[in-house]
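Reader: Before I look at the model, could you show me how to read the pairing of strands, and then how to tell what is covered by what?

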Amino acid sequence: MRVLRLFAVVCGIALLCVGAVAGVARASTTSWTTVVSGLDNPRDLDWGANGSLYVAEAGHGASPIGNAGDCVGSGPQGTTCFGLTSGVAVIQGSSFHRVISGFPSLADETGFGATGIDGISFKGNNGYAIETGASDFLPGLTLQSDIIGRLRSRIGRLIKFTPGGSWHTVADVGHRDFRWSLEHQSLVPDQFPDANPYGVLAVEGTRWVVDAAANTIDRVWPNGTIAIAAFIPNPPTSDAVPTCIDRGPDGALYVGQLTGGGNPPGSAAIWRFAPGTEHPLTKWATGLTAVTGCGFGPGGNFYATEFSTLGLGAASPGTGAVVRVAPHSSSPVPVATGLSFPGGFASGRDEIYVSNWSIAPAVTGLGAVVKIDTD
């Protein structure tokens with residue numbers, strides 16, 4: 001699963017993350033304040049119909065941390081620990097509580113670099129959450145029976161949930177994307193087959209999902225039917241790794257990409273997808289770096305969170321940013337700097353919200369949501 005492997009690249013900076021508990025002083029382009037902290041690897045954000053802000057928590061893998069029975073492997077990618085620690089939380093003032101929980105989470109032994117529920121989107125009173133990965137990776141794993149059963153039934157799924165905590169599965173996106181990448185191995189021959197559905201956007205009649213490993217834009221109908229709508233082309237090194245999606249004022253979809261390991265700063269782009277047009281997929285803006293969240297905000301401006309302005313290989317605390325992206329531009333404008341591994345994005349009236357410390361060892365409690373003024 002691509003994003004988990006990419007986060008493994010930055011697992012080498014885990015000690016920096018722990019050391020940063022004492023504080024990392026970095027200058028910020030504009031003011032940002034912490035809304036809530038103590039989240040468990042927070043990712044995407046969205047507003048519910050009740051006016052509350054919801055946040056996806058990727059979790060910390062095995063629970064309790066270091067439970068050897070839930071961990072496998074010790075190769076180049078390190079050890080992966082499987083747990084049921086992911087979920088979605090609602091923020092109320094300076095506190096939060098889980099709305100849904102018990103979803104699969106994959107991380108290292110410390111809870112660092114987790115993937116789980118990474119994308120969320122609301123349509124009316126219903127929330128939609130995308131769980132990363134694919135059940136196709138699970139055969140042959142030796143895990144506790146209660147873990148493996150829930151992994152098989154939840155990993156890679158698009159789920160529909162309510163603020164009251166009820167939920168059900170809509171579609172098995174991870175499996176569909178894995179099978180598609182198996183049939184199209186020539187597109188990324190050194191990494192396919194793979195699947196890691198990561199971002200979701202709920203609009204009238206359709207749920208759009210971007211897969212950070214299959215590099216696809218998927219269309220999911222309410223009855224669970226899935227169609228591969230587009231493939232994001234590869235950058236010079238590795239592959240595209242789309243992570244976020246939003247609909248613009250023009251009705252088109254806009255997709256941000258992380259890009260695979262080895263790509264230098266400035267290699268990421270924002271893609272515009274307009275189904276049914278003569279040229280449905282085009283580069284809308286370039287010059288970005290390691291995009292993990294994106295969307296339209298105050299004044300109709302497009303914003304993107306950059307995991308690290310130095311790129312994945314050199315990522316470290318305090319090197320993340322939020323940038324404003326103009327149409328057809330190649331030089332995004334910094335709005336806030338000094339962030340640490342920022343993840344998701346949500347727009348307010350005159351401000352934007354992003355998750356900070358979207359990857360961190362679980363024991364640190366660094367995961368947070370911050371507010372950035374855009375005046």
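Author: Two strands pair if DSSP finds at least two bridges between them; strands (E, at least two residues) and helices (H or I, at least four) are DSSP runs numbered from the N terminus. In this case, β3 and β5 pair in the antiparallel sense over 5 bridges, and Ala56 has Val88 of β5 as its bridge partner. This is a predicted model, in which local features need pLDDT of at least 70, side-chain atom pairs count only at 80 or more, and totals for chains, interfaces and linings use all residues. Residues are numbered from 1 along each chain as its sequence is written, and side-chain values use heavy atoms, without hydrogens and water.

Reader: Which strand forms a hairpin with β3?

Author: That is β2 (residues 42-47), which pairs with β3 in the antiparallel sense over 4 bridges, Asp46 having Tyr54 as its partner in β3. The hairpin has 5 residues between the two strands, and in its turn Gly51 has a positive phi of about 85°.

Reader: Which residues of helix α3 are buried?

Author: In α3 (residues 145-154) they are Ile147, Ile148, Leu151 and Arg154. Seen down the axis, these buried residues fall within an arc of 145° (taken from the directions from the helix axis to the C-beta atoms), so they line one face of α3. Just after this helix, Gly156 takes a positive phi of about 75°.

Notes: Buried < 20%, exposed > 50% of the residue type's maximum accessible area, 1.4 Å probe, protein only.
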